[in-house]
Number of protein chains: 2
Amino acid sequence: MNLSAIHQVIETNRQSILDHFFELLRMPTISADSNHKDDLHHTAYWLVQYCQKIGLKARILPTSGAPVVFAEYCPYPNLPTLLIYGHYDVQPVDPLEQWLTPPFNPTIKGDMIYARGVDDDKGQFFSFLKAMEIIYSQTGSLPGNYKIVIEGEEEIGSAHFEELLSSQKKLFQADSILIMDAGQFDRGVPALVYGLRGLAYFEITCTGPAFDVHSGQFGGGVPNPAISLIKILSQLKNDRGQITIPGFYQDVQEPEPWEREQMAQLPFQEENIKKELSIRAFQQELNYTSLESMTVRPTFDICGIWGGYTGSGSKTIIPARCSAKFSFRLVPNQIPSKIATLFLEHLKSIVPPDIDYRVEVLPGIEPILTDPHKPIFTAFNQAIKNHFGRSPVLIRGGGSVGVANLFKRYLVPDSICMNGWGSPDDGVHSPNEHFSINDFFRGIHSTVDFLYEFQASLIRG
Amino acid sequence: MNLSAIHQVIETNRQSILDHFFELLRMPTISADSNHKDDLHHTAYWLVQYCQKIGLKARILPTSGAPVVFAEYCPYPNLPTLLIYGHYDVQPVDPLEQWLTPPFNPTIKGDMIYARGVDDDKGQFFSFLKAMEIIYSQTGSLPGNYKIVIEGEEEIGSAHFEELLSSQKKLFQADSILIMDAGQFDRGVPALVYGLRGLAYFEITCTGPAFDVHSGQFGGGVPNPAISLIKILSQLKNDRGQITIPGFYQDVQEPEPWEREQMAQLPFQEENIKKELSIRAFQQELNYTSLESMTVRPTFDICGIWGGYTGSGSKTIIPARCSAKFSFRLVPNQIPSKIATLFLEHLKSIVPPDIDYRVEVLPGIEPILTDPHKPIFTAFNQAIKNHFGRSPVLIRGGGSVGVANLFKRYLVPDSICMNGWGSPDDGVHSPNEHFSINDFFRGIHSTVDFLYEFQASLIRG
């Protein structure tokens, strides 16, 4: 297949592609705001029509929340199927006064388009649809079997999407999954994500006296629950950045040598991050770099802590109770429920019997690791190289992505690739969100090549 | 002097004494509520008139807050002067719905009078005035030199009283001070307080990133200020209940053997307190009893702590900052400013240089210790024995009393006795505050004997 004609069509139609993209960007699909319910339905319907126009069998899957757009093209019974995920909903726009242009009136300045959702996630999945559209318009078919899923509640937790996925596993069945909701590692450094950390999350409350009591009258005798709490929490991580719960590292999969080598070569802007966040130093785990500590190593964080008097001046009390929320980021092959068990056992051994505490185990998330040498990765690697002038870096993400775990749980556990064309400084979730026109088109071009590469590799394989 | 006639007069006039007391109790002198400004003035005027009726030279000392009642009787130039302190203001009555009788309509049930302020502090100073009144009515004079000070803002911090005291030291000049604002150690166990703990109070804030950041993206690398904070605070007190700041105990005056012996014999209701406060155990300092730890030993308490996400569910952030308020209760001869210096120096040595924190030193209070063998104590000891059937216990209080420190600072540093006839379970500051009629009259009788004993001891001495 000679693809140059297709690439030519993309280039000669840049203006109409942008015009079409802007139609989508003008739709105020804020899922968190019930006033935009009609906008969500309108957009889903618009996307269904678009998918139908480009050769896919598309329809709306209703949920008790926002509708899910589902489209498929599966004419080759002997070939595997790729499911592509995106979301058409966007974050709220507040604070509106900080926007320099109206969030739903896309505006070009230089190479950038400014609009809410232009990066997250409209620009990501729309570039994929555009690549399909142009291939279909030029060839009358698409290379391979595809399912497209575009949900409308990603920004509010994908709750109804999970209901749908769990109840209709067969419909979504696929062999590989591409989540078009990530981005470049840094501008000009495209990336493919092949792993994500998991999460174990807890809330602990220590109780002291039944009510706040006078610290003069009772201080020195009556147990102070804030002191109990901090004594417990301060024992969970040592000064070398290591978690002290026995067995915590038992299942941890060490990063492989090639992963560490690659990470060492990544253009990680440590000084920029320090400046941006106003921190004087990173505090990574002993024997690991800060990037490794933030992506391939488990860690402990206190997310919130509260108890006693927090107003102005000095109120002299022993508080009745004190609580904290804290989390462990997990790495392959740690299991949240096992970590919870280890943690609770450890508590029993370190907390004196006269300290009253209770722990709530909040929902955990499993870590994800797929094989970055699978065809979906190698195909994208070549395709991106063709149009970005460099191979994408292979990375693991430090956080969790809800839908990735849903796909892992309900569909395929081990062939999930996360990708996208946005950059970390696009202001996702913030005022003046923007997206590079150049990257948008490089994304369309890369997707065209990816579709053919992936297809070819499957046939070859 | 044969006092039996005086004691007889008290007994035969119980009803009219109570009627008179109830007049005072009906005055809603809530200093915290500006609606009661006129009530405060009216009560102060009523007290001035009463003092004048019983042989004292009395007047109102205006302040920019509630007026102070000042009365004196100093006919003996060669004898020392005793200043007696009380306060006519009371706490607010809320929650009103929990009162079984109207708070300003004193009601007798069994041996108890129910009314706001009946114990704290109207019952305490009024019993003193009643003793004076009856002596004066029977003898036409009072034994000794006295100054009476009754302020109207004790429940809101005595701020204007301090202004007055500091600007008119000469007017208040006295040789001994009796603060009629304490109470019995336990019902039936009268007490004299000869020492109070002091206070050093701090607020600390640790800062991490400039704003809350995602714990998935940055966890393991970006410093978590809540972890920094708890690591600092958890190092300040060891598991033996000892404060770990170098030099902290340098100035600490150990309790004397007789004090420890006496404390060991006190009817300290450890089990009752555990039950009332719903605690399983006391956590006292090693080698000290819980009562000692709560009164004659310094200690550390966290009064409040806050930072990060405190709502429901799991929000995965590294908070931008985390703060805590905490205090050290100090004992003689610890000085708050010196403790602050030691603490700040210690911080520098234990906190790694890449942790950002700042500390605010809030106003401290000096501990107080007077000699319980001085005449004021011995006179009261005998007087109380006469009417309560047992000697009062000598105790040191765990908290601080604002006016005691004012008197120490502006008048006499070392002859301050705190006394009163109320009991710990009188519900002071709570709904249904009450006071034993029997203790009220035992208080009047004891005060009569005290006034003569004290006077006699001075002449003897």
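The model is predicted, so local features need pLDDT of at least 70 and side-chain atom pairs count only at pLDDT 80 or more, while totals for chains, interfaces and linings use all residues. Residues are numbered from 1 along each chain as its sequence is written, chains are lettered from A in the order in which they are written, and side-chain values use heavy atoms, with hydrogens and water left out.

At the interface, 73 residues of chain A are in contact with 73 of chain B (heavy atoms within 4.5 Å). About 5,700 Å² is buried between the chains, 56% of it from carbon and sulfur atoms (accessible area, 1.4 Å probe, lost on being put together and summed over both parts). There are 4 salt bridges between the two chains (a side-chain nitrogen of Lys or Arg within 4 Å of a carboxyl oxygen of Asp or Glu). Asp356(A) and Arg280(B) form a salt bridge at 2.4 Å, N to O.

As for the proline, Pro28(A) counts as buried at 18% relative accessibility (buried is under 20% relative accessible area, exposed over 50%, partly exposed in between; 1.4 Å probe, protein chains only). Its C-alpha lies 15 Å from that of Gly123(A), 95 residues away along the chain.

Notes:
Buried area is the accessible area (1.4 Å probe) that two parts lose on being put together, summed over both.
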